[in-house]
Amino acid sequence: MKVKYFTAATMQDAVAQVKSDLGRDAVILHTRRFKKGGILGFFAKEMVEVMAAVETPVAVAVEKPLPPQRISKEEETKAAVVQIELANMRKMLEQVLSKIPQSEKQASPLFELLIKNDVDAEIAANLIRGLPNDTTIIGSDQGITRKLLVDRITNYLQRIDGITIPASGCKTVALIGPTGVGKTTTIAKLAANFAIKEGQRVALITADTYRIAAVEQLKTYSDIIGVPIDIVYSPDELKAALYRHRDKNLVLIDTAGRSPKSQYQLAELQSLLAVDPYIETHLVLSATTKYSDLLEIVKKFSVCSPQKFLLTKVDEAGYLGTVLNLLYQFPTALSYVTTGQNVPDDIELANAHKLANLILRD
Ligand SMILES: Nc1nc2c(ncn2[C@@H]2O[C@H](COP(=O)(O)OP(=O)(O)OP(=O)(O)O)[C@@H](O)[C@H]2O)c(=O)[nH]1
Ligand SMILES: [Mg+2]
């Protein structure tokens, strides 16, 4: 097969070139319009490029005498142009239709369920695209389709990564996030679980010295759990405290709630965490926060390069679709999920399958 490109000012001219060069058996494979010349895009001339091919180039070289023509060459060229334009229109229409799966959207109760749970409409449409309709599988019910959908959601959430204590050396984890999302409570839950249930050597450090009550809150937990606590007022003090606790398995750092709107506060937090590149930072997000706010929080806290998200207050959240939307936008590992105020019980390693089912809550 011989393939050639032809450029001309009009589609008619390009097709005429194809015919005279490759013969009447040539087929048009692709056409495109592009701009040529001009200055900075101004006065550019629109050109047409046609990609054409012919099966047997030999036959083209020795062109057979044409049968008596009933239609003129000009009419033939026009017909070919119309055909190309029609093919292009059909292609465009197919593309548009594939983007708007209207029938799926309207027909599927699962689509409605995703929307009810605050999943973004486009994400919901992507998730249900191609899923078998309940009526298409003999003997099936919504359970089968629902299971497939849960699997799809699970795939999007499957980067689960809690705190792993190294065989030797010390793991340092800092929780950061906006005010009141549950950082201190979560630190207490983690400390209790690792120290009491797993028997690890744990130390707490709090850098939240803005409120007396904040220090007292964590100090109370450290007394009950029986782990040491250090209060640090500067990056240098944090460095020194980390050095002091180098014999521990896990050091948990609590930080003050920061407003995503305050660049100063975020820069301060960033310089605090910069004292040790091995600090694993979890951005604590409340499942009750609305999506637009979550987006802003994630964007603004990105200056602190959090490696993982930790989701709190899942017990209070009416709908969890926002979590899926967020992870679609920012694919990030989820570490833990907290489900209530009780220390140490209301925390668990994030579970993608469980969350997927919550995202499809009736
Ligand atoms: N329902 C529910 N409440 C929670 C959860 N986690 C924390 N809380 C509550 O949320 C409130 C704030 O918790 P804190 O741990 O003080 O939050 P924080 O992020 O440390 O707050 P700041 O230090 O002020 O930024 C407390 O009343 C907690 O009991 C949770 O998973 N579910
Ligand atoms: Mg706190």
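Trainee: Which residues does Thr206 touch, not counting residues up to four places away in sequence?

Mentor: Thr206 touches Leu218, Ile229, Asp230, Ile231, Val232 and Asp254, with neighbours up to four places away in sequence left out. Contact here means heavy atoms within 4.5 Å. Before we go on, please note that this is a predicted model, in which local features need pLDDT of at least 70 and side-chain atom pairs count only at pLDDT 80 or more, while totals for chains, interfaces and linings use all residues. Residues are numbered from 1 along each chain as its sequence is written, chains are lettered from A and ligands numbered from 1 in the order in which they are written, and side-chain values use heavy atoms, with hydrogens and water left out.

Trainee: Where does Thr206 lie, and is Thr206 buried or exposed?

Mentor: Thr206 lies in strand E5, residues 202-206. Helices (H or I, at least four residues) and strands (E, at least two) are DSSP runs, numbered from the N terminus. Thr206 counts as buried because its relative accessibility is 0%. Buried means under 20% relative accessible area, exposed over 50%, and partly exposed in between, with a 1.4 Å probe and protein chains only.

Trainee: And which backbone nitrogen lies 3.1 Å from a polar atom of the Thr206 side chain?

Mentor: That is the backbone nitrogen of Asp208. A polar contact is a pair of N or O atoms within 3.5 Å; within protein, one must be able to donate a hydrogen and the other to accept it, and residues adjacent in sequence count only if both atoms are side-chain atoms.

Trainee: Let us turn to the ligand. Which residues come nearest to ligand 1?

Mentor: Of the 20 residues around ligand 1, the nearest are Lys183, Thr184, Thr185, Asp315 and Thr338. A residue is near a molecule if one of its heavy atoms lies within 4 Å of it.

Trainee: What does the side chain of Asp315 do there?

Mentor: A polar side-chain atom of Asp315 lies 2.8 Å from a nitrogen atom of ligand 1. For Glu316, the distance from a polar side-chain atom to a nitrogen atom of the ligand is 3.1 Å. Thr338 places a polar side-chain atom 2.6 Å from an oxygen atom of ligand 1. Taken alone, ligand 1 exposes 660 Å², and the protein buries 83% of that. Accessible areas come from the Shrake-Rupley method with a 1.4 Å probe; for residues, only the protein chains shown count as cover.

Trainee: Which helix gives the largest share of the shell around ligand 1?

Mentor: Helix H8, residues 183-197, supplies the largest share, with 4 residues.

Trainee: What about Lys313, is it buried or partly exposed?

Mentor: Lys313 is partly exposed because its relative accessible area is 27%. It lies in the loop between E9 and H13, and its phi is near 60°, a positive value in a residue other than glycine.

Trainee: How many residues of H13 are buried?

Mentor: In helix H13 (residues 321-329), 7 of the 9 residues are buried. Leu324 is among them.

Trainee: A change of topic: where is the cis peptide bond?

Mentor: It joins Val343 and Pro344, with omega of about 5°. Pro344 lies in the loop between strand E10 (333-338) and strand E11 (347-349).

Trainee: Finally, how many helices and strands does the protein have?

Mentor: The protein has 14 helices and 11 strands. Buried residues make up 44% of its 362 residues.
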